[in-house]
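Hello,

Here is the structure you asked for, with the sequence. My notes follow below it.

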Amino acid sequence: MDVSIVGSGYVGTTVAACLADMGHQVYNIDIDETVVEQINDGESPIHEPGLDALVSAYGGSGLQATTDYDTIRETDVTMVALPTPNNEDGIDLSVMKAGIESIGNALREKEGYHLVVVKSTVIPGTTEDELRPILESAAGRTDGDEIGLAVNPEFLREGSAVDDFMGPDKIVVGTDGDERALELLAELYEPIVADWDIPVVETGRREAEMIKYANNAFLAAKVSLINDLGNICKEFGVDSYEVADAIGLDDRIGEQFLRSGVGWGGSCFPKDVGAIKSAARSVGYEPAMLDAAVEINDRQPGRLLGLLDDHVDVAGERVAVLGLSFKPGTDDIRNSRAIPVIEGLQERGATVVGYDPVAIEEMRELFPDIEYAESAPAALDDAVGAVVVTDWDEFASLDEEFDAMASPVVVDGRRIISRRGGITYEGLTW
């Protein structure tokens, strides 16, 4: 199929590269000429495991990037992967609406059926009530007969996005029964559905919009619950990971997302939980459970620093922060737990030195005045304490490097460091 994708961020680039690998001809449309040039040169604009190889293989051929919206007319399906950040009222649709209008303008000169697919995360009712009128007005087709509109949320985790797309747990398509839309989406995803026997959920547009929020809200709440239990375990001298291993055997609970620690970050959980909370309040419902999930998550960095305070006064001293990205496998620092940790150390008067395998330059833009090390051992050198915020695999092999610390106090927020003699080790919830 010929597919156009508007937006070349984490979602747009990953989806485009994967669809090209499935045999489709894909056109990425983006207003950033630098990103367009990178993709056409076979360079991924984002750090994501497995994505470099796909963009290198298909960039400029099976995957072409352009700033020209008119390219949409040469395709069968247009996917919209534009940002929908939070604002005081819920989510900011300004970029999304501008993109939809540009799509409609391009389709004004196309004859025949064209399917527009919303992959961006939007509040239930947004696609039908706010985006459809803009699309149809711009395209000059008020009856909607020749423009299909579907909601196909993504469930991609940064750090494993390529694998998640190529072997998903489910594919959700909200079409309100538009048979032509269902047929096109079935054809689009046929390669992976056939290979992996993936369940396809056919539902309404509002239901598809809500499924994405419900998915992320549930996972965020699960992480916060295990963190709350982990904090209680710590107070009683109980290893929360042994507890989690046991309860994870209950198939009503499951073992995933039971690694307690310093909390969740990134773009999806904070944005989606915040948005659905605002949406709930806009219709008069108080989301107490989600409020609690966010409150518990916000407390974890402070608990991490509190454990460090129990062992050393960091004022005027060097402290290593190991891990700056919000999770391993990505350079994304959005809502990283390292941010409140660094801020807390600065408030204590510490000299902060940060290290991350890929996210140093991103964090440097936010904290230009702290020191950054070229390696974990360099960060530890002469430090009075170290806090582990991101569980990069390389941290698990640290051992003798702790001997170079001025006082070997290690507070582990991710259970990646092995307890050993010669260091004062504190696990956040164990």
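Which residues in helix H12 (residues 338–347) are buried? They are Ala338, Ile339, Val341, Ile342, Gly344 and Leu345. Please keep in mind that this is a predicted model.

The spacing of such residues can be read against the helical repeat. An α-helix has 3.6 residues a turn, so residues three or four places apart point the same way. After H12 comes Gly349, which has a positive phi, near 85 degrees.

Next, a helix pair. Two packed helices are described by the angle between their axes and the distance between the axes. For H10 (residues 268–282) and H11 (residues 288–309), the angle is about 145 degrees and the axes are 10 Å apart. The crossing of H10 and H11 is left-handed. On the H10 side, the contact is made by Val273, Ile276, Lys277 and Arg281; H11 contributes Leu290, Asp291 and Val294.

Last, the surface. Leu225, Leu229, Ile232, Phe236, Val238 and Val243 make a nonpolar surface patch of about 530 Å². Helix H8 (residues 205–235) gives the most to this patch, with three residues. Phe236, one of the patch residues, is found in the loop between H8 and helix H9 (240–247). Phe236 counts as exposed because its relative accessibility is 68%, and the cut-off for exposed is over 50%.

Regards

Key: Residues are numbered from 1 along each chain as its sequence is written. This is a predicted model: local features need pLDDT of at least 70, side-chain atom pairs count only at pLDDT 80 or more; totals for chains, interfaces and linings use all residues. Side-chain values use heavy atoms; hydrogens and water are left out. Patches are made of residues with over 30% relative accessible area and no salt bridge: like charges are joined within 9 Å, nonpolar side chains (Val, Leu, Ile, Met, Phe, Trp, Tyr) within 5 Å. Accessible areas come from the Shrake-Rupley method with a 1.4 Å probe; for residues, only the protein chains shown count as cover. A salt bridge is a side-chain nitrogen of Lys or Arg within 4 Å of a carboxyl oxygen of Asp or Glu. Helices (H or I, at least four residues) and strands (E, at least two) are DSSP runs, numbered from the N terminus. Buried means under 20% relative accessible area, exposed over 50%, partly exposed in between (1.4 Å probe, protein chains only). Axes are lines fitted to C-alpha atoms, for helices over the stretch in contact, and angles run from 0 to 180 degrees between N-to-C directions. A crossing is left-handed if the near helix is turned anticlockwise from the far one by less than a right angle, and right-handed if clockwise. Contact means heavy atoms within 4.5 Å.
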